[in-house]
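Hi,

Here is the structure I promised to pass on. Have a look, and my notes follow below.

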Amino acid sequence: MSVVAVIGGQWGDEGKGRIVDLLAQHAHMVIRYSGGNNAGHTVINDRGVFKLHLIPAGIFNPSTANIIGTGVVVDPASLLEEMETLAAADVSFDRLYISDRAHVILPYHREQDRLQETLRGDGKIGTTGRGVGPAYSDKMERIGLRMADLRDEHTLRQQLARAASMKNAFFRALNGPQVVAEELFEQLRAYGQRLRAHIVPSHPLVQRALQRGERILLEGAQASLLDVDWGTYPYVTSSAPGAAGACQGSGIGPRHLSRILGVYKAYTTRVGGGPFPTELRDETGDLLRERGHEYGTTTGRPRRCGWFDAVAARYVAELNSLTHLVITKLDVLDPLPVIRICTGYRLKGELIDYMPTLASELERVEPIYEELPGWQSDTSAVRDYAALPANARRYLERLAELIGVPLAIISVGASRDASITRVPVEALFA
Ligand code: IMP
């Protein structure tokens, strides 16, 4: 039996989609465990280029079971739209399952997301506007609706009436639109009917797979620095995208995790507000954005770009007990004569080697850099570690040393084959 978790090591958009796609070819089951359609995984394979938001990347493999796990918040409208796009490419949904315990993103969550961002003014988070935060807060508030409710008219009506009275009190205070429970009921019932075949209790499926010793892949979305507990609060998402969240969101106990892969970009990006110590607001930042096509998959926003932050990266490795490192987009750095790595911060004149808790302090830290020579040659066609330029290997090895985790996979391009595997994918599942 082997359970492999893929975790975002920075602020998201590290290229988890392509790594998950690579690993999914060897998996019997893929489980998306947290987040919602705020995620955007670009997968490029022999069928084309796909932007996945909710559906696990194993969907392209007909023999793989794909589960949208309990920890995910599901916007049924967005899910159905994604299914339609994939259906046009002849993708089969016979093995797509949605945990009946997963919470539902409702239209009023999107409205609430928008209103709250406006109210935050200068302190706005820069959310994706998909209603993810409000859906998670309603889950904790215990006024959420779950996928199981969409299949049961009586519960749906009852839960919706309760939620609508609370929501309408909130929206009234903000002069927002009122929820018409009866209209929403009809809409949700229709979604329930369309998705009925896929909404199942996920626990028996997952347990059977574990008992049969199957290869299970836990697909992360967002990333550890966006974690609601450990990220750069309040500039975070509202779920737990790390290894602990992978267990909670999939219903697999921690003892079963055999490998925990941290995916990091060879530099850093962030989309939305919040502190970013190594951000480059200069030509190098622009070069990274253009070469790396750093525009949001979900919202199209330009991503903020900067040097690799090894302080943040090591923090994430420790939080998640990472066993292996995946470094993506190495080729983006190809033209640079000198590459910098942040190895510490200076805060109020003092040298520190950890991320301060207060966003206001992290905003003020001065990054301490180590400089490494660039390689200034094209790595995009390299498929063998030994064939990488010596300076590229030196850079990668320094990253692994600073993070304290061994290198497993390096990517040098967007397509499935543009990767260098130091640990064969089969061995990760062994
Ligand atoms: P929310 O998850 O839409 O509430 O947004 C909260 C913060 O997380 C914002 O800064 C978003 O830009 C960021 N975020 C959420 N999902 C992703 C993602 O998949 N990639 C990168 N940033 C994300």
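Which side chain has an N or O atom 2.8 Å from an oxygen atom of the ligand? That is asparagine 38, a polar contact (a pair of N or O atoms within 3.5 Å). Taken alone, the ligand exposes 470 Å², and the protein buries 96% of that (Shrake-Rupley areas, 1.4 Å probe).

Before I go on: this is a predicted model, with local features needing pLDDT of at least 70 and side-chain atom pairs pLDDT 80 or more, while totals for chains, interfaces and linings use all residues. Numbering runs from 1 along each chain as its sequence is written, and side-chain values use heavy atoms, leaving out hydrogens and water.

Back to the ligand. Backbone atoms reach its oxygens too: a polar one of valine 271 at 3.0 Å, and an N or O of glycine 126 at 3.4 Å. The ligand is surrounded by 15 residues (a heavy atom within 4 Å), and Thr128, Thr237 and Arg301 are among the closest.

Then there's helix α6, residues 153-173 (helices are DSSP runs of H or I, at least four residues, numbered from the N terminus). Its 21 residues should span 30 Å at 1.5 Å a residue, and the end C-alpha atoms are 30 Å apart, so the two agree (expected span: 1.5 Å times one less than the number of residues). At its start, a side-chain oxygen of aspartate 152 comes within 3.2 Å of the backbone nitrogen of histidine 154. Just after α6, asparagine 175 has a positive phi of about 55°.

Cheers

Notes. Helices (H or I, at least four residues) and strands (E, at least two) are DSSP runs, numbered from the N terminus. A polar contact is a pair of N or O atoms within 3.5 Å; within protein, one must be able to donate a hydrogen and the other to accept it, and residues adjacent in sequence count only if both atoms are side-chain atoms.
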